[in-house]
Structure formats: structure tokens, C-alpha cells
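Subject: Structure handover

Hello,

Here is the structure for you to look at. Please open it before reading the notes below.

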Amino acid sequence: MTARKVILAILAGLFFTGPLAAQFQTGSITGRVVDGMTSEVIAGAVVTLEGTRRGTTTGPDGTFTLTDVPAGPQFVTARLIGYGPQTQEVTVTAGISTTVEFALPRQAVVMDELVVTGYGAQRRAAIAGSIGTVNADEANVGVTTNANDLIQGRIAGVQITQNHGEPGAGQQIRIRGGTSISASNDPLYVIDGIPVPNVATESSAFNAFGDPGLSRSPLNTLNPGDIESITVLKDAAAAAIYGTQGANGVILIETKQGQAGSTTFEYDGYVSVSQPSRKLDLLTGDEYRQYVQEQVTAGNLLPASLAALGTANTDWEGEITRSAITHNHNVAFSGGTASTQYRASLNYMSQEGVALSSGLERFQGRLNATHFAWDDRLQLRLNMSASHVDNDYLPFEDTGGFDGGLFQNMVQFNPTQPVMVTDPTTSVVSFYELGGGALAVRNPVAMAEQIADVSGTTRVLGNVRAQVDIVPNVLSGQLIVGVDRSESTRREYYPANSPVGAEWNGLARQVSRELTTTTLQGLITYSERFGDEHEFSAVGGYEFADFNEDSFGAETRDFLTDAFSFDNLSAGAAAQVPFSNVVDSRLIGFFSRVSYGYRDRYFINAVVRRDGSSKFGADNKWSTFPAVAVSWRMSEENFMIDGPFSELKLRAGWGKQGNEAVPAYASLLLLAPGGDNYPFGDTKTVGVAPTRASNPALKWEETTQWNVGIDYGLSDNRISGSFDYYIKNTTDLLLSVAVPQPAVQAERLENIGKVRNKGLEATLDALVANRANMTWRAGIVFAAEKNEVVDLGGRTFITSGFVSGQGQSGQTSQRILPGFALGTFYGLEYVGISSSGQQEFNDYDVDGNLVGTTTSPGADDFVVIGDANPDFTLGFRSQMTWGSFDASFIARWEQGRDVFNNTALVHASKSNVKQGKNILRSGLDETDESIDEPAIYSSRWIEDGSFLRLQNITIGYTFELPGLLTGGRNNTARVYAAADNLLMLTGYTGYDPEAHSDAGLGSRGIDYLSYPRARSFTAGLRLSF
Amino acid sequence: MRARLSWAHAGPNGEESKCEPCNGRENMKRSRIQYSVRGRRLTRLLLAPALAVVVLLQGCTDLEESPTSVITPENFFRTEQEVLGSLASVYGRLRETQWGYYNLSSITADEQIVPTRGSDWFDNGRWLEIHRQTWTPTSTSALDDMNGTWNVLFEGIARANVLLAALEDLTVPDQATIVAELRTLRAFYYFMLMDLFGGVPIVDNTELIARPKNTRAEVFQFIDTELNAARADLPASWPADQNGRMTQGAADVILADMYLNAAVFQTDAPSATSYNSCTTVQIGTQTACEAAIAVADRVLNSGQYSLASEGNWRSNFEADNSSSLENILVVKNTNEAGANLGLNLVMRVLHYEQFNPTPWNGFAALAETYNAFDADDERREIFLQGPQTNFDTGDPVCERPGCAQGGTPLSFTVDIIDETQAGEAEGTRIVKFSPDPNHTAEHNGNDFVYFRLADIWMIKAEAELEQGVGDPLGILNTLRARVFEPDEPLTSVDRDVILQERLFEFTGEAKRRRDLIRHGKFTDPWSFKPQTEAFRVLMPIPQPQLDANPELTQNPGY
């Protein structure tokens, strides 16, 4: 049959299938699903009619009914997470109800389940690449704000570090370590088949306190309660089908779909209370007074310092933080008929931050619907979600300037002064302030209360797909159109009557940002079995995506009154020049995956993708990404049948992936007005300066990855898991490097250098106990990774990771050095305090020989002093069900990682007291240090950040809803209590070793006045009927 | 059919229209034609897929980037305004030299120091390293200050080259003048590079490639040729609303200064310990001294400039110094609101309480520099010493935490006891460019003066002394007469007297390093700095530049 005829046939089918359906004779199938171990009925199992999209779920009594089943032999499958699926052949007779019973075996990992693998799904047994999966319902415990929270600690080789403890804070996500120095290291997110850009949906804050804080996670707009499953594609064999976007791994998120059958209704809600999990150890008012007294007595401070002391004892940390309430409510109903299924959900979440005046509120609605037509040969699906997120930001910073944000002032504000004062004459109560001026320390409570910084983001994410079975079960075509649109406005007001806003006599600002991504995907999927031995499938497709970013902002200053806040910009007398920006980029890909399996033992999987991106140089817009993987299920061989393994699969794969995550227009020479103005006469002439040097050869980073792995299963897969070893070589790094001068800009993006990641991953899933009234599942994920910068294209090093704090201008804490990992701390080796009260360091000569110690170090004395990367990470999880009770926990351990405690460097220095600033108690521990000694970046501030964190522990009780609603419905309720971040064992002295406060090149492990992380206690209820 | 399952997608007629390589425009045309000749019967059926394919092809054709909120050279350089905007950005790099070049010319010398004050101004030892001359190619000051200055100066050169290239295909009014201004600016950027780093690559095109260094003598020759060629097309002066643009006088002062320093600029290793005389270098048929005198006379005879009158010496440095008749080559600054184009030197020196916005309380003069000035010399008024007030309010100010909190009244001391642990009030402060009463935020309207007529006189005096001609003593006394009341004329002149007089006249004008090098005194010990090695007269080439351009070679000694 020629292609043309096929298409004509399809099109003909489109118009003539409706009446055909009625011509078939139909019967029905009823049955029951029970636990193979206990024979107890299983509710909620999914029963599907093979070869169709039809299915239903079992009720509380374990029964199901499928009606309108065509007469003749049919295959019916029952499946449920945690059980092996079972397929039975049923011969349906017209007008008769046929009965069937399934007894499902319990398993830790089910080899026959379908796993979403990108542009399709594959049986787990047939997968040759390295992937990890998360069952979202199992992972959705405690306070989860976004999808990444579900992954943390559950998949080997995926390291997620939340920037800090702010609700909805951004995260650093590294799949198999970062491979890129200057381009993004974030994975690609694919939601319901559509790649979704992971860029900040809100504009950054006004630059009032040094650099604006890192942005919040764009995934906050997705309700974790709607997520069905998450698959992480780790190696090239799995991710190469995403071509230029695949180098950092791919996270595939599928949302829940409705099932045919009676309508189910679910409510899931919780309330939780959060508090900061740790405190910084600051001097109290009394201790501060005492220290000042001592220093005045010793002659190190002027007597005037005494006059500056107050009588209060203010715990500024306590004043800034609070017990915060989070509540979350999900309502979902789903159901449908054989031809139409739907699931609709609503979510409301309100999360208060543990610091004053910060939080996140989310409203979200989702509708997923599927409709089958034309004798089930056409499937139409809609996945649509709309969400609105309100962010309340704190005026705080991650990287410092002189002036300081909220947490900096919290640390340094004089603890002998009160929060509020009453004017003795007017009896007006106001915030106590030390004085104006840019360098003054400010009342942090006042900052939190007075400065308004909010944003509202509306994001609509929708896709519509039409799938046509051209040849049922063999050939299908699919067209998907997706739109992702977010609109946000960030609004800020710095009141004139606050010390911060006084500098401008009030400052109001609004910046809106609109992101639009449109995606078009065409897929043709072919799969067929030839006899019992050959299994063949192929996917071919095309994808087009357009990314558009549009922003506009305006700002005015000098307000007569603070009454308008940010709502009336025209009330400001001094208007600033408004600004706007448009960025557009496009990505086009052609891809294909071919899989062949022989006798269910030997599998080969080949992928090729040809991608074009507008972001690259004129000479390098297109490139090809191939991958191939083979696997051998040894356990299916005759010689293994009697062995201990129920599953043993060897895998090997190789492939190329790309990273195109650079700004648009990066290859062009751009000119921008206002880049460098100059006054001719005394009047400004707008200068038009080149902002970027051209690089027509610019192309993507290319990662070549080798992966070998073993999947194993023992005792009928009650114990299962995998080992993986990989080598990832990333070349042609997109690196902003210094160019030979003269050049219009000192740096430009070039493709130079090489980074290598090697790693070992292991997972173990076990059904430890499997008794009639008790099951216990446990899992371990382990990863050890070694990252090495192999080459920087001749550059000796690149500095990174700016040190924050007064007297630290231009100082960097890290260097990107060939032979070392990204995140290598580079500085002086601290020895101790000299007899004169100065910090002493190891002194090296020009040849690198240790020649003694010095208090005035030079360039030769700088050496490698730490590595922010862990030696290994380990995640444990356990889930136990005992009768109606269930209990689970998940813990994470990261060993051998260093953290630069920038907070201590700045705020443990006694010299702060000279400026009337409070210090950390650890500053007094160095009893011999002079009060005049500046803080010098050295190994003294590099701490071991290894930790063991009990991430979540949950206890639940499930019961039947007594007689509330009857009529064969599945009325169950579960109440649970959970604790997040209950316990952490670490030697780190700052707030939290998991912090990320610098957006610099490849920097990691820098903690500077991060928002404190919460410990939360949650009580929740889940109802379904 | 099965065999065709590839990444090609089916066209409207089932034909494969491969979108790869992306020649989609042609494909699209072809599909349309075929679509129209097919029977109408298919029209409705194929409409949706055909539309889809058109969309696909449309996407396919279009990977070109056409940014709309920024501009590329292709859609620029069409009007005079656009050329002037581009010219402004070449001038714009001059403003950046008020930071890096100024700091490196002053703190390296015996003029200023940035002591560490508590934890403030430590900045990983960068400032003390500059003062102690202990920098290396990878040290903090090399990675920051020197690297930054290298980039700023070369960016100015690159921008000039971009505009010069564009002007080759353009016709705009005053084209010859603009070209001459660009060549003069480029020569001045090269002058500063040659002064700090010695030999650097000479580039007059826009190609971005690694290039070896030219020798310092070649850079000298290039600047000489360029300035002499450009000056013919430069105006003698500009109307007030264009004040600050390059003039014939500006080209001449650069030449005069360069000739005076010719013995230094001819080699990467000038004498670090003895005077480098311009008599040892030939410029054409003249000695460099004779050439300097000739150029100086050309300026003096141009009729464009005159010395500020007695008692008005400081007017050359005040906020309204645009009208100074003495200043020849300046960096323009303005206090225009919202322009952010002002001078911020006062921020570096004033105490936190003395100005709004809060200054940084950093740079201080060395005691020996302050003490060298005669108490009767008007020029000593550039220092702040003793009890201090706020420049905006006139109120007395105190050290932190401020007068209201019982702080000590602020009084700047002459001496700095320990440069690593200095107090807030230690060290006098140079405010030659005094705070602008009408400043907007930190932006003061004072133009920063690189060269003024006093320079020309002093260059002439020094060259005459070397050459043994003229009346150098008379020149010095003329300059002194306007700042002393009553007069304190000198009775004799030698090299040391000249150097000392230059200190009084030019402190705070980014000349001290160059003067000390010429006089063979740059490596001498002074406060908080021991005797240093001879090679310190040149800055190291910062390591990032060597990395970026493997053709460069490091300066001797580093």
C-alpha cells in the first residue's frame, strides 16, 4: 500500500466510522481483582481491554464491569502499581456478560509495565537506556510545592538542591552532574509529551540590594497532586531523542487521566505548620553589651560605642521568623464512558514562608479529557491546566552588596535595640531605625513589613492531540499542538518613609513578563510482532517549537505619599526610562527511534535526531544526535532459568546529546543604545555600543555518553534494582570567555573546553515483607559521581563564585581549573591566629613549595581548598502498610561535600562590632583574633557540608467511610500525619548545607544568608468516593 | 509504507517533502503548486493536514534570527544621528578610565593608598597589593583592576575600529572630522595601554583574532603617525554644546607628553633607577625633547588656551570646569539628572557621613605627599585634613555610629599608623575635583582633566631643561605665581625640582606613576612600600589576556 492510499484510507475512515460502530454485536465482561497473596479484593486496579483505549477501575469490592465489548475473543488486563499485571483471554458472546477473575502477584518492580520514554512508551523489560521512575502518589507526601520535590532522593544520579528555604524557591537540578559551565545545567521538562521551557516566569527584583535574588521555580505552577508519574531519562540512549535539549537529562511528567466507569470524587488536603529548622547563633543583647564593654575597657573601642548601646534584648532572628501555616486542597473528579473519559481537578495552596511577609499562593485547575471515536481508531485528548500563582517576596538577597537585604540586617542589627519605639511626645509608635544613608544598618522587621514585593503569574499550559490508528495496534499517527503561556507582573514599592525607600523618596516599579511557547509535534508510531520472536517498533516525528519572551517595565520615584504603593506609578514625580524587551527563538527537530527485540531477550534501540536551533551561528544551525543501545535479558536464557535471578538484564548504550541553553542572539554582533552614553557639552548623548561580539561559528555543546548497566530482580522481582556506570564527555562547551583584544566586548560565547563526568549509580527496591496483612517496601538509591574539567581551550582558569560582603569586592571563592571539578574552592589555607591577632595562612613559594606561614598572603599562596561536590549521595525510603495503617519515610545522605560559609566569613568577624553590627557567636570563639582584623576568604570558611536528612516521615490510617455514601461506591478515607525535615545530622554551622546562593559560572556550594529552611508538621486527609 | 517510516513527513499528496536540509521555502512553493493542480475533491479532506504541513514548512524555513529590541550593524549606521551615537560610545570608554587607569596611576605611586579599614576595603588585599607593587599576572589586582583596564582601553579601540569600518561605506556630514576624532581617541587609548603595559597588539580593523604584541616603540610610532595624520582634520575648538570632543590641542598634548616620555616608551625596560631623558630618542631629525618643545609651542601659540588666573587655579577642577580655558583634554562628566554620567572620585575618598549618597571612605593621601606641600600653596587646598563637615549640609560630622549616637567628631589625620588596620579618620583625602553642589546622587559634573595648559608649560620646561635651552625656571615660577600669595618663586631648577613641582601641580590627575617612572623613582621605597624590582615599571599582562590570546608574551620579570 502506498503512503497515499494509507492516508486516503485514514481520511475516509474519519468520515465513515461513526455509523459502523453500531453494526457490531457486543457483550460485556464483569469480574473481580484480588491480591494473589491474600485473596483480598483490590480496589482501584485498572482493567483495560487490550487493543483499545477502553478500561475501568475496580470498586471497593474489587469488581469491575466493561460493557459494549465486541463479541469474540478479547484480551483483558488488570494492573495496579506494586503488582505484576495479568492478562487473560475472554471470549465475549453477544448480549451475554462473561465473568473473569484476576489474582495479581505483588512485585517491587514490574517488568511489564509501560514506561513513558519520550515520544511514546516502552515496556520496562525492553528498555535499554538508563531511566528512573517515580510513582507520584507514593512520593507526594508532606509539603510538596512542585514536581521536583517528588524526585528528590528517589532516583539515583539526580541531585536536587533547593536554593534556600523560601516557599517555591528555585532549585539546582543536576542529572548525572552538571556538564556545562556557562549554559544551563537544568534538565528538560516534558509535561504530557510537550517540552516545557524551564525559565523564570517572573522578572527579577529591582536591584536595590546588590544582585537580585535567584528566581523561584517555574514548576510551581504545576500541582503535584495532578502528577501520575515522573520518568527521568538519564543516559544518551534514553535522552538523545530530545537532541539539543537532552544533555542535562530529561524529566517526563505525565498527569493523571480519567478512567471509564462510575464517577469518582477525591478530596486531598492538608494543613501544616512550619518553623525554621535551625537558627544562626547570634550574640544576644546582653552578650553584645558585655563584649562592647570589654573592648572599651581594653581600649579597642571608643567610649562612644557605649553610648550607642540600647537596653533591649532583641532576638532579630526570632522577630523575622514565624510559625507559618500551609494549607493545600485538591479536589478531583473523574470518570467517563467507554468513549469519553475525563479528570478534572482544582487545587488551592497557600504557603506562608517561615520569614515574615513571604509566601506563595496557588490556584490551579486542570482538565484532562480523552475521547475515542470511529470505532476507537481516533483518540482525541486534551490536557489543559490554568494556574495562578501569587508570590510574596522578601526584600532579601542571595549575593551581597554593601547595603544588604533582610537577612543581612537580621544578623547585624544591634541586638540591644528594640524593634519598635514610642515617641515620648507624640506617642507615635514606629520602627526603631539607626539612621538613613545607604550604608546604614536597617531594621529588618521594618524592611519586611514596609517594602512590598509581590508578583502574580498566570500560566496556561494546554495541549490537544489527535491520534489515529491507521492500522490498529500496528501503525498510528499523532498530531499534538501545545501552548504554554505565562503572564506575570512583578510589583514593588519602596516607601518614602522607610530608610531604604528614602534614598529615592519612594520607588515604585512594575515589570511584566510574558512567555509563550508554541509546540507542534507530528508522530508516526509503528509497532508489530512477527511471530513469537520478533518485536519491532519505530517512532518517527517532527517537532517545531517557538519560544517568545516579552517584557515591559516602568518605574517612578519621588512620591508625595506612600498611599499608592505600586498602584499609581504616575504619582511619582521622577519617572525613569521605561524598558521593554523581546526575545524569540525557534527549535526544529526531526527524530526517529527504532527498537527491535528478539525472543524478548535481545533488544536493540536506535535513535537519531536532527535538530536546528535559531540561537546558533549562521554556519552551525543544524546538527545530528544519534544514539544506540543494546540489552540482553540473560534471565530469559535457558541456562539462567533455574538461577536466582527472576530478572537479569545487561545494558550498554552510547549516544550524543546537545545543550542549546544559551540566550537567543548569542552569535550576533548586537548594538544597543544606552550601552555607553557620553555627554557632549554637558548634555547626555545616547551612545550606541556593541553589547556582544559576533561568533558565526557558535554551536551547541555536545555530550557523548557511554552507559553500561545491569537490571536485576530476585525472588520473583521482590528484590530488584540496577547498577549503572557512565562516562559523559561534554565538548564544545558554551563558554563565555575572554577574547583576544581589541574586541567590542571583553568576552563572547565560544565553543571551547571539555568536561567529563563519570559515575556509578545503584538502586535497590525490595518488597521486604509480604504478608497477608502487612507489606513493607524499601528502596535505596546510591550515586557517586566524579566531575572533571578536562580542558578550557587553553585558558589557565576561570574565576567563579563571588564572595559576598564588605571588603570582598571582586573576590572569588572558586576557580574552574582543568583537572578539577566544577565547584572547586580556591583560596588560602588557613593555619590559625598569629600572636598579633592576625589570620595566618600557609605560605607557598612560586614553585608551590610550602615555606612557612604568612599574615600577608600573595598570589602564590592560593591553592585548591575544597570541593562542593559530594563523594556520594544516598537516598533511603521505606513504606510499610500494616492493616489499615501505613508508615513511610525518606532520608537522604550526602557525604564529602564542602560548603563555603560566606555568612560566617562576613558576620563572624569581630570588626563588625566596630561598626556597631552584631556578630555570630562563633566570632567570639576565636578569642585571640584582633577586632581590627578583616575577614579574609580562606579554608577557614570552607566547612564539611555532609549531611543526613530525614526528609519526610508519614504515618497514615485508612478506613471505610461509614455509611456516608452508599451504592457500590469506593468510600475510603485516609488520615495522615507527616513531618518534613524533622531531623538533620550535619557538622555544618550555617542554616543549611544544602544552599545555593550564587548564580555564577559553574559555582556550587556557596551559602550566604540563605532563607532558613523549614521544618514542617502536616496533618492531612484524603477522601475518595 | 513501512519502509518509509522515517523522520521525513508526508506532504499533502503523500510525497515526502524532506525538510532537511532546510530548503523549506522552495518546498512550500512546490507544495502549493501541487496542491492547486490536484482535484477539488480532495480539497476539503486535505485542508487540515495541508495547513499543518504549511505550518511545519514555515517553521522549517525560519531559523534566522531577527531581533527587534536590539540592533545589528546590518540595520544601523544609516544616519548622522546613528553615527554620532556610535561615536559617543567610543568616547564612553574614556569615562571608565576614571576608575581603572586613574587608580593604577595613583595608588601604585606615592600619591595615594587605600588602607584596610576594619573589614572594609580589604578586598582580598587588592588595594594594598597595588600600593606595594606586589602584583603578579594572576593576583587579585591583575585579575580585576589591570584586566579591567586592559579591556576598557581595548574596547575603546575596537569600537573605534567598528565605526571607522562603517564610515568607509557611508557619507555623513563632518565625516572627516569624525574620522579624525576616532583616530585620536584610538591613539589615546593606545597611549594609556603603552603607558601601563608597554607593547600591545596594534589593530586597525575589526577582525577578532589572536595577534602578537607589537613592540612598545611600534605602538609609540603608531600613535605618533595617527595623531599627526588626524590633527589636520580636527577643529581647533568646539562650540559649548559639543565641548569635550577631540581637538587639535588634544592631539598635541598627547604628542607632547609622549615625546617627553619617549625614552620610557621606546623600550619595555626603561631605567627604573635613573632619569629617562627625551634627549636620547630621535623623532625624525629632532630629539624627542625638541619635538616636545615644538608641539608645546604649537599649543601655546594656538590662541585657544590660557592659564587660570591667580586665585582661580581650582576653577579648573570644579563642577563648572567646562568653561575652563586651561583644560585641553578632559573626560566629560555631567550632573544631568538621570544621565548617570558624573564623576564619582569624591565617593572614593569622603567619609560615610560627608555626602549623600553615602561615600565609601577609602582612598587617602600618603603623609609624605601631603607634607610636601607648602602651607601657603593654594594647591594644598586639594586635601581634606582635620575636622570635617558634610558637603551637602555643612554640618559637622562624626565617625560612625554618627554624632547622634555619640560618635567621635570626624577629623582626618595626616598619618596612617597601620595600613592594614586603619581607622575611619586616618589619612588626608584628595578632593582636587571638589564635590559638585548640584550633584545628582554620586554624579558630579566636574570634567576629569587629563591634560591642561599647565601640562604643556611643564612639559616644555622639562624638555628645555633636558635640552639645555629656554627658561625652565621662568616657566615654573609663572605657574607658581598664580597659586602663592605672596609669591614664593624658585631660585633654581633641576630634575628633582621639576618632579616636585609636578607633584604640587598635578596630584590627583593620574600622572604620578608616569612621572616617577620617567624620573627613575617608581621603584623607590615610600610609606607602606619597600624598594621594588625594576620590572615593576610595567604592569604584567593579566593572565586571562594571555589565555585568550596565546600570541601574547608576558612582560619581562613576571
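Predicted model: local features only at pLDDT ≥ 70, side-chain atom pairs only at ≥ 80, totals over all residues.

Residues are numbered from 1 along each chain as its sequence is written.

A search of the whole structure finds 14 cavities of 30 Å³ or more. A cavity is a set of points, on a 1 Å grid over the protein atoms alone, where a 1.4 Å probe fits but cannot get out; lining residues have an atom within 4 Å of a point. A volume is the space filled by probe spheres set on the points, with grid points joined across faces, edges and corners.

The largest cavity holds about 510 Å³. Its lining has 29 residues, and A:Asp149 and A:Asp980 are among those nearest the centre. Strand 54 of chain A contributes the most, 3 residues; strands (E, at least two residues) are DSSP runs numbered from the N terminus.

The second largest cavity holds about 280 Å³. Among the residues closest to its centre are A:Gly157 and A:Thr873. Strand 42 of chain A gives the largest share of this lining, 5 residues.

A:Trp882 counts as exposed because its relative accessibility is 56%, where exposed means over 50% relative accessible area (1.4 Å probe, protein chains only).

Regards

Definitions and conventions. Chains lettered and ligands numbered in written order. Heavy atoms only, no water. Buried < 20%, exposed > 50% of the residue type's maximum accessible area, 1.4 Å probe, protein only. 1 Å grid on protein atoms, 1.4 Å probe; cavity = no way out; pocket = protein on both sides within 12 Å on 5 of 7 lines; lining within 4 Å. Helix = DSSP H or I, 4+ residues; strand = E, 2+ residues; numbered from the N terminus.
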